[in-house]
Amino acid sequence: MDYMDEESQKKREEERARLMRERQIKLGSVVRMLADSRDGQYFLRWILEECAVFRQEFPKDDKQSAWNAGRRAFGLQILGLCAAEQCADTLFTNKELTI
């Protein structure tokens with residue numbers, strides 16, 4: 001690998017990191033807006049429930065296990081965004097909005 005390849009690879013990685021930071025900021029603001037409203041809290045709870053984030057399952061089928069792991073990974077990304085925006089606690093403290 002020559003110097004130009006390393007330099008262009010470094011630029012690509014920096015651009016990718018910049019785009020990821022921008023995406024994190026945008027998604028974080030959306031999650032914050034949802035968490036600030038009662039309907040938004042209900043929606044976020046519904047997503048976490050549908051993705052089985054807090055449910056343990058032991059399917060016998062490997063394909064079903066992989067499917068469940070993918071769903072859970074998506075839900076955990078949502079929960080991670082909520083935690084980064086410091087609004088995850090609001091999803092669990094307001095009991096009248098349970099699903």
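The following questions and answers concern the predicted model shown above. In this predicted model, local features need pLDDT of at least 70 and side-chain atom pairs count only at pLDDT 80 or more, while totals for chains, interfaces and linings use all residues. Residues are numbered from 1 along each chain as its sequence is written, and side-chain values use heavy atoms, with hydrogens and water left out.

Visitor: In what order do the elements of the protein chain run from the N terminus on?

Guide: Helices (H or I, at least four residues) and strands (E, at least two) are DSSP runs, numbered from the N terminus. The protein chain has four helices and zero strands. The order is therefore α-α-α-α.

Visitor: How many Å does helix α2 reach from its first C-alpha to its last?

Guide: Helix α2 covers residues 38–50, which is 13 residues. The expected span is 1.5 Å times one less than the number of residues, and for α2 this gives 18 Å. The reach in the model is close to that, at 18 Å.

Visitor: How many disulfides does a search of the whole structure find?

Guide: A disulfide is a pair of cysteine sulfur atoms within 2.5 Å. For C82, the nearest cysteine sulfur is that of C87, 4.4 Å away, and C82 is in no disulfide. C87 is likewise in no disulfide. The number found is zero.

Visitor: Is C87 buried or exposed?

Guide: C82 has 1% relative accessibility and counts as buried. C87 has 0% relative accessibility, so C87 counts as buried.

Visitor: What is the relative accessible area of Q86?

Guide: Q86 is found in the loop between α3 and α4 (88–93). Q86 is not a glycine, yet has a positive phi of about 55°. Q86 is exposed, with a relative accessible area of 66%.

Key:
Buried means under 20% relative accessible area, exposed over 50%, partly exposed in between (1.4 Å probe, protein chains only).
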